[in-house]
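User: I am new to this structure. Please take a close look at one part of it for me.

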Amino acid sequence: MSGPLHNPGVRGFASDNYAGAHPEIIEAIRSANSGHVVAYGEDEYTERLQEVIKAHFGPGAAAYPVFNGTGANVLSLQTLLPRWGAVVCADTAHINTDENAAPERVAGIKLLPVSTPDGKLTPELIDKEAWGWGDEHRAQPLAVSITQTTEVGTCYSPEEVHRIAEHVHSLGMKLHMDGARLANAAAHLGVPLKTFTTDAGVDILSFGGTKNGLLYGEAVIVLDPETGTGMKHLRKMDMQLASKMRFVSAQLIALLESDLWLRSAAHANKMASRLRQGVEAIDGLQVTRETQSNGVFASLPPEAADIVRRAFRFYDWDRANGEVRWMCSFDTTDEDVDGLVSAVKEAVSEVSLSLSLETAGGL
């Protein structure tokens, strides 16, 4: 094969997973790819990763590299709960909507979803499902999972996380954070990662790398040492133990040892802000949610969305209401954003004109 099978000029806004790996990440893999290194995490890279993680999350933090986000979430929740345990989460949570029941089927736990207006849980919303302890007929709510940033692009403040953690712990429950876009949250909040995780009372964290420029790989980060009992055994049982772990660890080091994690996330957020500014001025389109990370949600005629999709791929969020989601990445450019804005403007205008002509023809 003389060249890539795909067209490198094609850009999309469907997911930050669509982007390739950051050049600095590829270089880290290349640098680690020489000689023989002890397998299954007993290597210099995974050892160094522990130091990097402690620098960001505190001296008690421990990292367990895994293959993917679903694995990180399942492993995190499984280590928190007994077989009769249940997890309170937002109804939009990735563990509830996009992981094919893996937490329930693989981890053997029960999810207790709660409807939220903005993707964020509160102590009051948690209490809707945090009850029934001791009732043998009900799965026991013993953990809460929140997502930072949420699936609808909103961001918990450190104070909001702290309030949830205090409430959860007062009930004898544990707090998990799905941090698939944790770096985007830090970039939006302008605070260190530790501020809204360890310092706020989170017990265990799924740290996302793939959406922020890694080739593959995430990490479960145990923030409360008492929470990680049995983690290394569960990771193997859940098929998340990489034999050549050095390549996952080397990527995470490259991401976190420098400011690459923040540069990439801040750029993606900036592109989303540019996109929002561009589309919210378009007549016939309404931005539907706050833009606090790298995603923009908007409502437009489905016919217009289908026209735009001829040039840019993206997903419907709520087809019935014409709501779509546009995601920006570490490598999204101003030209990419402006091209999408122009395509949306033309499509909405075209559909609006067509409807006007149909209406006039029916008079």
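How many bridges pair β2 and strand β3, and in which sense?

Analyst: This is a predicted model, where local features need pLDDT of at least 70, side-chain atom pairs count only at pLDDT 80 or more, and totals for chains, interfaces and linings use all residues. Residues are numbered from 1 along each chain as its sequence is written, and side-chain values use heavy atoms, with hydrogens and water left out.

β2 and strand β3 (residues 110-114) pair over 5 bridges, in the parallel sense. Strands here are DSSP runs of E, at least two residues long, numbered from the N terminus. Two strands pair if DSSP finds at least two bridges between them.

Strand β4 (residues 140-147) is also joined to β2. Here too there are 5 bridges, and β2 and β4 run parallel.

In β3, Val88 stands opposite Leu112.

Now the surroundings. Buried means under 20% relative accessible area, exposed over 50%, and partly exposed in between (1.4 Å probe, protein chains only).

Next, the side chains. In a regular strand they alternate between the two faces of the sheet. From β2, Gly85, Val87 and Cys89 point one way. Ala86, Val88 and Ala90 point the other way. The residues of both groups are all buried.

Methods:
Helix = DSSP H or I, 4+ residues; strand = E, 2+ residues; numbered from the N terminus.
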